[in-house]
Amino acid sequence: MTSTAIRVQGIEKSYKDLHVLRGVDFDVASGSIFALLGSNGAGKTTMVKILSTLLKADGGSAVVEGFDVAKESLQVRQSISLTGQFAAVDEVLTGKENLILVAKLRHLKNPGRIADELLAQFSLTDAGARKVATYSGGMRRRLDIAMSLIGNPKVIFLDEPTTGLDPEARLEVWHIVKKLATEGTTVLLTTQYLDEAEQLADRIAILHEGRIIANGTLAELKQLLPPAKIEYVEKQPSLEDIFLAMVGTGNNESVKDRS
Ligand SMILES: Nc1ncnc2c1ncn2[C@@H]1O[C@H](COP(=O)(O)OP(=O)(O)OP(=O)(O)O)[C@@H](O)[C@H]1O
Ligand SMILES: [Mg+2]
């Protein structure tokens with residue numbers, strides 16, 4: 001039996017007249033990887049900010065590791081970490097100093113040892129003594145994720161973890177994310193890359209016009225489209241076909257959240 005790490009029910013959020021989230025519902029099982037997929041401006045970052053207690057919802061409820069994000073934000077913060085859409089590393093510090101800083105902020109013992117272990121785990125040992133200003137995009141992302149793992153959070157939020165990375169660096173991040181989940185960490189990631197969701201996620205939810213319009217495993221989402229036609233070659237629908245059919249001109253109501 002799997003337990004639920006994140007439960008989102010009827011979440012609403014507006015910025016003045018802009019009604020971004022219009023009743024968002026989804027669950028994330030403990031130790032799974034959940035991808036929130038959506039176009040620019042769909043509200044992915046808004047949803048992640050609400051779940052990580054940085055932003056208050058206007059309505060609905062969200063529970064992370066059994067704690068209500070609105071009423072028990074301190075406990076939620078102790079259970080999670082967030083890697084934001086834009087790298088939070090400090091350029092003037094070295095990689096190791098960044099890690100030590102976070103370990104100290106989290107009041108952990110042996111911050112130097114924690115930093116060294118993470119540098120090794122993320123193949124940054126040689127670069128650890130260099131200022132982050134000299135790092136490549138992939139190295140910064142790796143350091144950013146390493147920083148978010150300090151203190152062993154049960155749930156990790158990754159907002160567009162691979163945006164702007166080259167294919168090799170993306171693969172490295174995917175590898176890290178998969179490893180986290182096998183070790184029991186729950187991962188909620190947002191992405192605009194359909195292949196990323198396809199490669200990584202146990203479940204994929206599509207956020208569109210303020211609601212989850214589809215939520216399932218890749219196999220379940222594939223069933224939402226008509227079966228592959230056999231002409232000369234059989235073509236299975238890709239996640240991209242499904243996404244475009246739903247978000248594009250398609251009739252969203254007919255495929256809405258059949259999970
Ligand atoms: N603080 C804010 N004030 C006003 N509008 C905002 C604010 N933050 C976000 N928005 C608007 O809300 C909508 C959703 O933004 P959000 O950043 O959640 O989208 P997103 O899915 O993360 O997009 P992206 O893929 O570009 O990161 C956008 O139209 C954005 O302009
Ligand atoms: Mg965003």
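1. Helix 5 (residues 137-149) packs against helix 6 (residues 167-182) at an angle of about 15 degrees, and their axes are 9 Å apart. Helix 5 is therefore roughly parallel to helix 6, a label for angles under 35 degrees; over 145 counts as roughly antiparallel, 65 to 115 as roughly perpendicular and the rest as oblique. Axes are lines fitted to C-alpha atoms, for helices over the stretch in contact, and angles run from 0 to 180 degrees between N-to-C directions. Helices (H or I, at least four residues) and strands (E, at least two) are DSSP runs, numbered from the N terminus.

2. This is a predicted model, in which local features need pLDDT of at least 70, side-chain atom pairs count only at pLDDT 80 or more, and totals for chains, interfaces and linings use all residues. Residues are numbered from 1 along each chain as its sequence is written, chains are lettered from A and ligands numbered from 1 in the order in which they are written, and side-chain values use heavy atoms, with hydrogens and water left out.

3. Helix 3 (residues 95-105) packs with helix 4 (residues 111-121) at an angle of about 130 degrees, with 8 Å between the axes. Helix 3 is therefore oblique to helix 4. The crossing of this pair is right-handed.

4. Ligand 1 is surrounded by 14 residues, the closest being Asn40, Gly41, Lys44, Thr45 and Thr46; a residue is near if one of its heavy atoms lies within 4 Å. Strand 2 (18-29) and helix 1 (44-51) each supply at least two residues of this shell, and helix 1 gives the largest share, three residues.

5. By class, the shell has four nonpolar, eight polar and two charged residues. Gly counts as polar here.

6. Oxygen atoms of ligand 1 lie 2.9 Å from a backbone N or O atom of Gly43, 2.8 Å from a side-chain N or O atom of Thr45 and 3.1 Å from one in the side chain of Gln192. The protein covers 61% of the 640 Å² of accessible area that ligand 1 has on its own (Shrake-Rupley method, 1.4 Å probe).

Conventions. A polar contact is a pair of N or O atoms within 3.5 Å; within protein, one must be able to donate a hydrogen and the other to accept it, and residues adjacent in sequence count only if both atoms are side-chain atoms. A crossing is left-handed if the near helix is turned anticlockwise from the far one by less than a right angle, and right-handed if clockwise.
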